[in-house]
Amino acid sequence: MAKLTERYSGIAILLHWALALLLLFQLGLGWALEDLPNATRFTAFQFHKSVGILILVLSLARLLVRLAVPRPAAAEGAPAVKLLAGAVHWLLYGVMILGPLTGWIIVSTARVKLPTLLFGVVPLPHLPVSPALNVPAETLHGLIGWLLAGLFLLHVAGALRHHLLRDDLIARMMPAAVGRRPALSIAVVVALAACVAAFLTGSWRYRSHAETPLPSQPLPSPVSTPDAPLAATTPAPEPGASPTPSPSPSASATDAALPVRSWKLVPGGTLGFRTVYSGEAINGRFTRWTADIRFSPDDLAHSKIAVDVDLASVSSGDSERDDTLKGDDFFGIAAHPKARFTATRIRKQGNGYVADGTLDLAGASRPVPVRFTLKIDGDHAQASGTATVQRLAFGVGKGQWSDASTIPDAVAVTFRFAADAT
């Protein structure tokens, strides 16, 4: 057992206040999680897990310091008061350790085991525990939140009681620069204000900084086979815009046959995708992509299309989900930074076209048909189209992400762009 001293050690003081602020931030964030908008909920949950593990590590360190480093004697008082103070202190240790542990068990036993990168850097392994622990852990985790709130209020009330009794016991947990009153009173007010600010920050951080969701577009539902590509659709015009005439595959200023020409993309095109995760629709896009197009509706045999997509530009409305998509379980951009579609044959079909081509993605190469409609007016063209990518054929979504009941195998891809002849 450690010997007694006049003050707590510097490391004990640092850990005490760091844990106080983290616990209040975590408490505020935890109570706000279920009410957060979809655009920030995933990121908030991941950050909640990261802060929880940090609290677990610091709590274990604080307990070790508590047992090994000399500390002041317990405050004098009635036996019942001393018993209550001791119980609050040890229950706080229990809450600080069991709270993160039950959260870790919940993550490890969930039906869909989301990978966790602590603060986006360090991978957190799942605990080898039975899935039967999931419900008890969730129940206990929720109760611990309420218990933490009650214990914190009791702890603060006890500290303020000592301060108001003018025994200055609280000075033992303040930096050495804080001596007697009035400096100590100022330090107490600052500490309380910091605690309140930490709780409010946790409660409002992901409400007030919600990412703007991607514009909603009427994307078609994915189909189950690559041989049945999605029907081409023309996106709805923007509010206030003039209606766009229906595309005509061979429309031109004259009836003369058009030679094969090179076409340069006009800025402002979109390349999007749609999928579903655990019943929630996810609309994403790629913000950087280029196309090498040589095309004529009157000479399809010599027409060529090649599209390169910078996979690091993926944007799904959630930065942490985007980082997961860039990782080895999905796109693996470290080894395969780009995807490439190359049309091997372009054919007429109904009122549009089909580009039978090959998609190179995540180190795999598979045939993918792309349907598109086209309107050519002199040297200007507008195109829109769709495709279905079977992600599992490319190894996109490995391990726990390979469950097609959680994320469908078929991913709908849409595009829309304008191009000028060069």
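**Note on the predicted model**

1. By class, the lining of the second largest cavity comprises 5 nonpolar, 1 polar and 3 charged residues. The model is a predicted one, and the remarks below should be read accordingly. The residues that line this second largest cavity are Tyr-8, Ser-9, Ala-12, Arg-62, Val-65, Arg-66, Val-69, Pro-70 and Arg-71.

2. The second largest cavity holds about 40 Å³ of space. Helix α2 (residues 38–68) supplies the largest share of its lining, namely 3 residues. In total, the count is 2 cavities of 30 Å³ or more.

3. Leu-200 is placed in helix α5 (residues 183–208). The relative accessible area of Leu-200 is 42%, so this residue is classed as partly exposed.

4. Although Ala-362 is not a glycine, its phi is positive, at about 55°. In general, most residues other than glycine have a negative phi. Ala-362 lies in the loop between β11 (352–361) and β12 (364–377). Its relative accessible area is 16%, and Ala-362 is therefore buried, the limit being under 20%.

5. How many salt bridges does the count give? The count comes to 5 salt bridges.

6. Arg-288 forms a salt bridge with Asp-310, and the closest N and O atoms of the pair are 2.8 Å apart. This pair links distant parts of the chain: Arg-288 is in the loop between β6 (280–286) and β7 (289–295), whereas Asp-310 is in strand β8 (residues 304–310), 22 residues apart. Arg-288 has 44% relative accessibility and so counts as partly exposed.

7. A salt bridge also joins Arg-340 to Asp-308, with 2.6 Å between the closest N and O atoms. Because Arg-340 lies in strand β10 (residues 338–349) and Asp-308 in strand β8, the pair ties together parts that are 32 residues apart in sequence. Both partners are partly exposed: the relative accessibility is 33% for Arg-340 and 23% for Asp-308.

8. Which residues are linked in a network of salt bridges? The network consists of Arg-345, Arg-347 and Asp-356. Within it, the side chains of Arg-347 and Asp-356 meet at 2.6 Å, N to O. Is each of these two partners buried or partly exposed? Arg-347 is partly exposed, with a relative accessible area of 26%, whereas Asp-356, at 15% relative accessibility, counts as buried. The two residues fall into separate classes because the limit for buried is under 20%.

Terms used
Residues numbered from 1 in each chain as written. Predicted model: local features only at pLDDT ≥ 70, side-chain atom pairs only at ≥ 80, totals over all residues. Heavy atoms only, no water. 1 Å grid on protein atoms, 1.4 Å probe; cavity = no way out; pocket = protein on both sides within 12 Å on 5 of 7 lines; lining within 4 Å. Points joined across faces, edges and corners; volume = space filled by probe spheres on them. Helix = DSSP H or I, 4+ residues; strand = E, 2+ residues; numbered from the N terminus. Nonpolar A, V, L, I, M, F, W, Y, C, P; charged D, E, K, R; others polar. Buried < 20%, exposed > 50% of the residue type's maximum accessible area, 1.4 Å probe, protein only. Salt bridge = Lys/Arg side-chain N within 4 Å of Asp/Glu carboxyl O.
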